[in-house]
Amino acid sequence: MKPIFVAFVLAFYAAAALGQSPAEKQLVDLVNHEREKAGRGKLEWNDRLAQAARKHSELLAEHQDLSHQFSGEPAIPERVGATGLRFNAVAENVAEAPGVETAHDGLMHSPGHRENILNPEYNAVGISIVQRGGELFVTQDFAHTLAAYTEKQFQDAISKDFNQARRAKKLEPVKVVADPHLRRAACSQDMDTGKMIQSLPGAASLFVFSLSEPGTLPGDLRKPAADETLDRMNIGVCSQTGGKDGFSRLWVIIAFYRPSN
């Protein structure tokens, strides 16, 4: 039996190097079939989620045990964030079973695991299956992935939304200035606004916030959007991906100015 086992493992890793193994593809299809029956959107395969899942499945097989975090291993948000994926929600299922269908059936009959599989918030999945000792060790990593934005694109989107809000109030748009000083402060996450505004001569107000995606102005910006005395906004945007919580955010600092004379 040993040569057969070794041959299977070697075949599995050869397939994994190219993408999904047949067993992983089968499990993805089973998951998406369940979502289709429940009226949920199809999950797209994500290589970065699969990368995180593969590392965890190897630990499941090594320990011959099920856990979402072994000693010395980061928690799932940090593991997924380390791949560079942009996301704002993540979850994980693990299973041990002699076959793919048995693993899937067990997960679907477990309320928490079933909830992850059918959760409408998620749009992507990465699955890894490692065989060891006649058992399959399965990791399913789910996430709501985000579109990739450069800092410039994010800055332009926020500036556009802000000036559209001003036009809706029949006010003139403000001039927008990309401010490297504010960007550095955003990257360092120096959120002491009282201290910061003292280093910005002439600034009428200062706002600090973080967003995962552009599209909706933070409520705090409604007041300056309606302030007819403002004529300029300096903005700094810094992208943050990974870290202990793994989630992707863009930190934004905006200083508003009135005419100098």
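1. Contact here means heavy atoms within 4.5 Å. By that rule W45, leaving aside its neighbours within four places in sequence, is in contact with Q20, E24, V28, A50, R54, V125, G126 and I127.

2. Some ground rules. This is a predicted model, in which local features need pLDDT of at least 70, side-chain atom pairs count only at pLDDT 80 or more, and totals for chains, interfaces and linings use all residues. Residues are numbered from 1 along each chain as its sequence is written, and side-chain values use heavy atoms, with hydrogens and water left out.

3. Overall make-up. The protein has 10 helices and eight strands. Helices (H or I, at least four residues) and strands (E, at least two) are DSSP runs, numbered from the N terminus. Of its 261 residues, 44% count as buried. Buried means under 20% relative accessible area, with a 1.4 Å probe and protein chains only. Among contacts between residues at least 6 apart in sequence, 71% join residues at least 24 apart.

4. More on W45. This residue lies in strand 1 (residues 44–45).

5. Helix 3. Residues 47–63 form this helix of 17 residues. At its start, a side-chain oxygen of N46 reaches to within 2.9 Å of the backbone nitrogen of R48. Just after the helix, Q64 takes a positive phi of about 55°. The buried residues are L49, A50, A52, A53, H56, S57, L60 and A61. Their cover includes strand 1, helix 4 (76–81), strand 2, strand 3 (124–132) and strand 4.

6. Strand 2. Nine of the 11 residues of strand 2 (residues 87–97) are buried, so the strand is largely enclosed by the rest of the structure. Strand 2 runs antiparallel to strand 4 (residues 135–145), and 10 bridges join them. Two strands pair if DSSP finds at least two bridges between them. The bridge partner of V90 in strand 4 is A143.

7. N163. This residue sits in helix 7 (residues 151–168). N163 is buried, with a relative accessible area of 8%. Not counting residues up to four places away in sequence, N163 touches P173, V174 and V176.

Key. Buried means under 20% relative accessible area, exposed over 50%, partly exposed in between (1.4 Å probe, protein chains only). The expected span of a helix is 1.5 Å times one less than its number of residues. A polar contact is a pair of N or O atoms within 3.5 Å; within protein, one must be able to donate a hydrogen and the other to accept it, and residues adjacent in sequence count only if both atoms are side-chain atoms.
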